Structures are given as structure tokens and as C-alpha cells.
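Thanks for coming. Please look at the display first.

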Amino acid sequence: MAEDLLAVSGLRRSYGAVTAVDDVSFTLAEGGSLGIVGESGSGKTTTARIIAGLERADAGRVEVAGRDRSARSRGRADRLRRAREVQMVFQDPFLSLDPRVPIGAALRETLRLHFPRTDPALRVAELLDEVGLGGREAAALPRHLSGGQRQRVVIARALAVRPRLIVFDEAVAALDVSVQAQILGLLAGIRAETGIGFLFITHDLGVVRSVADEIVVMRRGAVVERGPTESVLGAPGHPYTRLLLDSVPRPGWDPRRIAEARRCLD
Ligand SMILES: Nc1ncnc2c1ncn2[C@@H]1O[C@H](COP(=O)(O)OP(=O)(O)OP(=O)(O)O)[C@@H](O)[C@H]1O
Ligand SMILES: [Mg+2]
């Protein structure tokens with residue numbers, strides 16, 4: 001069995017009376033791709049932010065490549081090292097790109113921060129090429145690019161630090177279906193080439209089917225089901241997973257039946 005790249009155990013996080021994450025545990029194998037699905041408010045983003053180190057857990061443990069990330073970081077070098085381990089890509093690239101900084105300069109900034117002794121120029125060109133962009137985009141400001149191109153830039157910036165794991169939180173949700181497919185194809189290639197592990201959070205079961213080897217299903221802060229993507233989606237064991245599958249609109253789909261099934265679950 002491959003060594004675990006990521007091991008999450010007993011994670012908990014509350015916000016006042018709301019328990020966002022309630023005893024969540026799962027693992028991700030080296031080079032693997034794990035999807036987290038679940039309806040809005042089920043605790044997916046909170047789990048992701050804890051793993052990325054953007055949020056503190058009330059309890060539990062996060063290990064990446066056997067190293068504990070749960071303890072408070074010890075200074076700047078430790079923070080940078082942790083950032084290099086896990087990168088996060090969000091839904092809205094506008095929020096993660098500085099509107100005044102051209103793309104190439106933004107990538108150079110990231111490279112200088114993490115690899116101060118290396119000349120970034122060559123690496124910037126390489127990174128842009130890896131995500132299917134070039135010199136024209138390097139000189140452009142974020143607002144001059146399309147949504148898909150901006151997300152490619154954010155992916156290039158995540159790759160710049162050579163992470164072990166990238167967490168994608170609804171990273172293709174805002175894109176047109178055809179652009180989504182392009183980005184998902186790009187990511188599949190990147191994973192095959194680099195062996196970087198993916199944690200892919202999405203409410204879109206079609207997306208998760210195409211990117212994830214394994215799925216974790218979350219409901220109300222807890223994991224209700226996990227397993228290989230094909231078996232979870234093909235023969236869900238938990239009624240909530242069946243409900244999620246039934247909630248995908250298709251011909252003959254009846255929202256009243258879904259509402260009824262949901263009441264039975266409660
Ligand atoms: N900073 C916060 N302050 C207060 N409550 C929060 C905070 N972050 C999350 N929550 C609450 O925790 C619960 C889980 O939220 P979370 O964002 O993790 O869900 P999610 O599964 O990512 O949902 P979505 O699919 O809508 O993105 C929700 O009830 C949410 O309102
Ligand atoms: Mg979320």
C-alpha cells in the first residue's frame with residue numbers, strides 16, 4: 001500500500017453554537033486524488049482550510065507526509081515550509097490575485113518568497129507553459145484574462161512552490177462547462193506528471209467522478225461514507241449519498257421527490 005500523503009484524524013471546529021466539523025477522519029494516498037462532496041454547509045471548506053493551515057481546529061490532527069501540522073507554526077520559516085507542503089485553489093481567482101500586479105510579476109513574487117536564491121525568470125516561463133499560457137498572459141493584468149485563464153494562473157502559482165498536496169475548493173464551479181473540462185484535463189495531466197496529491201472539494205458529482213479516485217461524503221460536519229469513486233457513486237451505501245445523486249437534475253427529475261426523501265432522512 002502506498003504511504004499516506006495526508007492523514008486527518010478527529011478534526012473538530014465549532015463557530016459558537018455551530019459545529020462546522022465534527023470528528024472528521026480520512027487519509028489520502030501519495031499521489032492520489034480524493035474528492036469531498038456534500039451539500040452546502042456540510043463542513044467541506046472548513047475541513048479544507050484546516051488542512052491548508054488557514055484555520056485552526058479545536059481538536060484533531062493533520063499530517064502531511066508524516067509531519068504534524070496541527071501545532072502552532074514556529075515562526076516564518078515554518079509557515080513558509082507549511083505553505084509549500086499544501087497549496088489551496090479557490091473558486092474565485094479574482095480574490096486570490098492582486099488586480100494591480102501583472103501575472104508574470106505575481107509568479108516571480110511567489111518564487112522569490114520561497115526560493116530567494118534562484119533566478120525566477122526561466123521558471124516563470126516554464127510554469128506558464130505548464131498551464132497552457134505564455135508571454136502575452138505574463139504581461140497582462142488579471143482583469144485582462146478570462147476566468148479560465150485566471151484559474152490557470154492560480155494553478156501555476158500553486159505549482160510554483162512544488163507542493164505535496166493541492167486543495168481545490170470548488171475551483172471549477174464558476175467556469176463554463178467547456179472551460180471546466182479544459183481545466184480538469186489540465187489538472188489530470190499535472191497530477192500524472194508531478195505526483196502531487198489532490199483534495200478536490202465540489203458539490204458537482206460529475207466533476208468529482210472525473211478527478212477523484214476516492215470520495216468522502218460529508219453531512220453536517222461528519223463523514224457519512226467513503227470509498228472508491230466508482231463504488232460510492234455507482235452503489236451508494238448511505239441514504240444521504242443516494243439523495244445527493246438523486247439531486248442532480250436530469251430528464252424526469254422531480255424536486256418534490258427529493259424534498260420528501262430529505263424529510264425521511266431527518
Ligand atoms: N468563519 C465562520 N464563522 C461562523 N460560521 C462559520 C464560519 N465558517 C463556516 N461556518 C459555518 O460552518 C458550517 C460549515 O461551513 P463550510 O463553509 O465548511 O461548509 P461547505 O460544506 O464548504 O459549504 P458550501 O458548499 O456552501 O461551500 C456552516 O454552517 C457555516 O455557516
Ligand atoms: Mg465551501
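This is a predicted model: local features need pLDDT of at least 70, side-chain atom pairs count only at pLDDT 80 or more; totals for chains, interfaces and linings use all residues.

Start with the six-stranded sheet. The sheet is open, its pairing is mixed, and the strand order reads S6-S7-S8-S3-S9-S10. At the edges sit strand S6, residues 86-89, and strand S10, residues 222-228, each of which pairs on one side only. On average, neighbouring strands in this sheet are turned by 15° against each other, with direction ignored.

Inside that sheet, take one pair. Strand S7, residues 165-169, and strand S8, residues 197-201, run parallel and are joined by five bridges. If you want a point to look for, Phe168 has Phe200 in S8 as its bridge partner.

Helix H11, residues 239-246, lies across strand S3 (33-37), strand S9 (214-219) and S10. Its direction is at about 100° to S9.

Now the other strands. Strand S1, residues 4-15, and strand S4, residues 59-64, are antiparallel, with five bridges between them. Ala7 stands opposite Glu63 in S4. S4 also runs antiparallel to strand S5, residues 67-68, and two bridges join them. Here Glu63 turns up again, with Asp68 in S5 as its bridge partner.

What lies between S4 and S5 in their hairpin? There are two residues between the strands, and Ala65 takes a positive phi near 50° in this hairpin. As background, most residues other than glycine have a negative phi. Ala65 is partly exposed, because 14 other C-beta atoms lie within 10 Å.

A second residue of this kind is Arg162, with a positive phi near 55° in a residue other than glycine. Arg162 is placed in the loop between H7 and S7. It counts as partly exposed, because it has 13 C-beta neighbours inside 10 Å.

Just after H5 comes Gly132, with a positive phi of about 80°.

Helix H1 gives another picture. Eight of the nine residues of H1 are buried, so this helix is largely enclosed by the rest of the structure. The buried residues are Lys44, Thr45, Thr46, Thr47, Ala48, Ile50, Ile51 and Ala52. After H1 comes Gly53, with a positive phi near 85°.

H1 leads us to the ligand. Which residues are around ligand 1? They are Tyr15, Val18, Ala20, Gly38, Ser40, Gly41, Ser42, Gly43, Lys44, Thr45, Thr46 and His203. Two elements give two or more residues to this shell: strand S2 (18-29) and helix H1 (44-52). The largest share, three residues, comes from H1. By class, the shell has three nonpolar, eight polar and one charged residues.

Ala139 is in the loop between H6 and H7. Is Ala139 buried or exposed? It counts as exposed, because it has 12 C-beta neighbours inside 10 Å, and a residue with 12 or fewer is put in that class. Even so, Ala139 has contacts elsewhere in the chain: leaving aside its neighbours within four places in sequence, it is in contact with Pro102 and Gly104. The C-alpha atoms of Ala139 and Val101 are separated by 9.3 Å, and these two residues are 38 residues apart along the chain.

Terms used. Residues are numbered from 1 along each chain as its sequence is written. Chains are lettered from A and ligands numbered from 1 in the order in which they are written. Two strands pair if DSSP finds at least two bridges between them. Helices (H or I, at least four residues) and strands (E, at least two) are DSSP runs, numbered from the N terminus. Axes are lines fitted to C-alpha atoms, for helices over the stretch in contact, and angles run from 0 to 180 degrees between N-to-C directions. Two residues are in contact if their C-beta atoms, placed from the backbone, lie within 7 Å. A residue is near a molecule or strand if its C-beta atom, placed from the backbone, lies within 6 Å of it. Ala, Val, Leu, Ile, Met, Phe, Trp, Tyr, Cys and Pro count as nonpolar, Asp, Glu, Lys and Arg as charged, and the others, Gly among them, as polar. A residue is buried if 20 or more other C-beta atoms lie within 10 Å of its own, exposed if 12 or fewer, and partly exposed in between; C-beta atoms are placed from the backbone.
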